[in-house]
Amino acid sequence: MPAPMIPYTPERLDPEEQQRRAREFHEEMECRRSVRFFSDDPVPRGLVELAIQTASTAPSGAHRQPWRFVVTEDPDIKHQIRQAAEEEERINYEGGRLPDHWREALEPLGTDWRKPFLETAPWVVVMFEERHGINPDGSRRNNFYVKESAGIAAGIFIAALHHMGLATLTHTPSPMRFLTKLLGRPDNERPFCMFPIGYPADDCVVPDLRRKSLDEVMVEVSKAPKPRT
Ligand SMILES: Cc1cc2nc3c(=O)[nH]c(=O)nc-3n(C[C@H](O)[C@H](O)[C@H](O)COP(=O)(O)O)c2cc1C
């Protein structure tokens, strides 16, 4: 049955205000960095909850919202996550599982198998994608565009954390299957990515990376391409 239609009339901004907000948001997001050195200063649960609520405003295929945010501040669980992640990453970095082209791509970031931030950061949030839902009668309920939907929600989550002055890292220890068992998640969920959350350490450093310019990421198409001769 179609949902009832309700009015949607957000405020129409004047062009100057639009420019101001657009620039302000861009400048704010331009300052975001992935952090791998955290302080153990506490972060109120309410902020993490608000970031998850904000992420959950994301659009999703057929509005299925196919994501779960599994959160923990429990030192024991964080320790287990770190140990299991390091076990996998040690095989990647030192056991030759990472193909050369991947290792080369990671070189500028200075990362290795050690993941102390998984214990130092006050919160670890593991985002799961819901491959399919489950109806009340136990039957399978299809989800659509799960990866795209989860990716958009993850992006909004990261932006929300940054907006509230918190730092995070999108962390994907590979493979991530161990998280399903460790966190007791059902078969219809798969680990999507992991986010240690907190404040950067006082002596936090980040790699000096350059972001692509507008010209490199935007392509304008203003007329039909010439037909091939
Ligand atoms: C899908 C995804 C997976 C990532 N996985 C890892 C990871 O496992 N470990 C890590 O240190 N950084 C990881 N990163 C962070 C990237 O290295 C980082 O975003 C990139 O170097 C750009 O830096 P910035 O986020 O500070 O702009 C990941 C980022 C994305 C989007």
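Visitor: Which residues surround the ligand?

Guide: A residue is near a molecule if one of its heavy atoms lies within 4 Å of it. Here the ligand is surrounded by Arg32, Arg33, Ser34, Arg36, Leu109, Thr111, Leu169, Thr170, His171, Thr172, Leu209 and Arg211. This is a predicted model, in which local features need pLDDT of at least 70 and side-chain atom pairs count only at pLDDT 80 or more, while totals for chains, interfaces and linings use all residues. Residues are numbered from 1 along each chain as its sequence is written, and side-chain values use heavy atoms, with hydrogens and water left out.

Visitor: How many residues of each class does the shell around the ligand have?

Guide: Ala, Val, Leu, Ile, Met, Phe, Trp, Tyr, Cys and Pro count as nonpolar, Asp, Glu, Lys and Arg as charged, and the others, Gly among them, as polar. The shell has three nonpolar, five polar and four charged residues.

Visitor: Which side chains place a polar atom 2.6 Å from an oxygen atom of the ligand?

Guide: A polar contact is a pair of N or O atoms within 3.5 Å. Ser34 has a polar side-chain atom 2.6 Å from a ligand oxygen, and a side-chain N or O atom of Arg36 is 2.6 Å from an oxygen of the ligand. For His171, the distance from a polar side-chain atom to a ligand oxygen is 3.0 Å. Of the 620 Å² of accessible area that the ligand has on its own, the protein covers 65%; such areas come from the Shrake-Rupley method with a 1.4 Å probe.

Visitor: How many disulfides does a search of the whole structure find?

Guide: A disulfide is a covalent bond between the sulfur atoms of two cysteines. The criterion is a pair of cysteine sulfur atoms within 2.5 Å, and the search finds zero disulfides. For Cys193, the nearest cysteine sulfur, that of Cys204, is 19 Å away. The sulfur of Cys204 is too far for a bond because the closest cysteine sulfur, in Cys31, is 14 Å from it.

Visitor: Is strand β2 mostly covered or uncovered?

Guide: Strands are DSSP runs (E, at least two residues), numbered from the N terminus, and buried means under 20% relative accessible area (1.4 Å probe, protein chains only). Strand β2, residues 123–130, is mostly covered, with eight of its eight residues buried. Trp123, Val125, Met127 and Glu129 are buried on one side, and Val124, Val126, Phe128 and Glu130 on the other.

Visitor: Which strands pair with β2?

Guide: Two strands pair if DSSP finds at least two bridges between them. Strand β1 (residues 67–72) runs antiparallel to β2, joined by six bridges, with Val71 partnered by Val125. Strand β6 (residues 189–198) is also antiparallel to β2, over eight bridges, and Trp123 has Ile197 as its bridge partner there.

Note on methods. Polar contact = N/O pair within 3.5 Å; in protein donor to acceptor, adjacent residues only side chain to side chain. Buried < 20%, exposed > 50% of the residue type's maximum accessible area, 1.4 Å probe, protein only. Helix = DSSP H or I, 4+ residues; strand = E, 2+ residues; numbered from the N terminus.
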